[in-house]
Amino acid sequence: MRIGAGCSIFQLLAPLAGKIGMCLTIPKKVLSKSGYNYIVENGQGAKQEVKSIVGVKIGDYVVTQSNVIVQKLTKKQAKEINDLFNQK
């Protein structure tokens, strides 16, 4: 794994996930908003209804924890993380 200025916290923590019981999440794209609820979709097409504690808009890439958007990502960050999860 290449570690550099563009590296995300998830890349650094992924190897530890199984050792310390940490939950990791894959990036999701915000599809829609209704009131305080958002519909997000992961790269495999699974949709989820969530709330948010950060300012987001339709089209943003985000990560969620316990059905709450906790961080906004750039498209580049989301792609890098998805590429890591899709490696064989």
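In this predicted model, the side chains of Lys72 and Asp60 form a salt bridge, with N and O 3.8 Å apart. The pair joins distant parts of the chain, 12 residues apart: Lys72 belongs to strand E5, and Asp60 to the loop between strand E3 (47–52) and E4. Asp60 also pairs with Lys57, and the three residues Lys57, Asp60 and Lys72 are linked in a salt-bridge network. The count of salt bridges is 3.

- The salt bridge between Asp60 and Lys57 has an N to O distance of 3.4 Å.
- Asp60 is buried because its relative accessibility, 10%, is under the 20% cut-off.
- Lys72 is partly exposed, with a relative accessible area of 41%.
- Lys57 has a relative accessibility of 54% and counts as exposed.

- Asp83 forms a salt bridge with Lys79, and their closest N and O atoms are 2.8 Å apart.
- Both residues, Asp83 and Lys79, lie in helix H3 (residues 75–85), 4 residues apart, which is about one turn of the helix.
- Asp83 is partly exposed at 38% relative accessible area, whereas Lys79 is exposed at 51%.

- Ser66 is a non-glycine residue with a positive phi, near 55 degrees.
- Ser66 sits in the loop between strand E4 (61–65) and strand E5 (68–73), and is exposed with a relative accessible area of 66%.
- Asn67, also not a glycine, has a positive phi near 65 degrees.
- Asn67 is placed in the loop between E4 and E5, and counts as partly exposed at 42% relative accessibility.

Technical notes. Residues are numbered from 1 along each chain as its sequence is written. This is a predicted model: local features need pLDDT of at least 70, side-chain atom pairs count only at pLDDT 80 or more; totals for chains, interfaces and linings use all residues. Side-chain values use heavy atoms; hydrogens and water are left out. Helices (H or I, at least four residues) and strands (E, at least two) are DSSP runs, numbered from the N terminus. Buried means under 20% relative accessible area, exposed over 50%, partly exposed in between (1.4 Å probe, protein chains only). A salt bridge is a side-chain nitrogen of Lys or Arg within 4 Å of a carboxyl oxygen of Asp or Glu.
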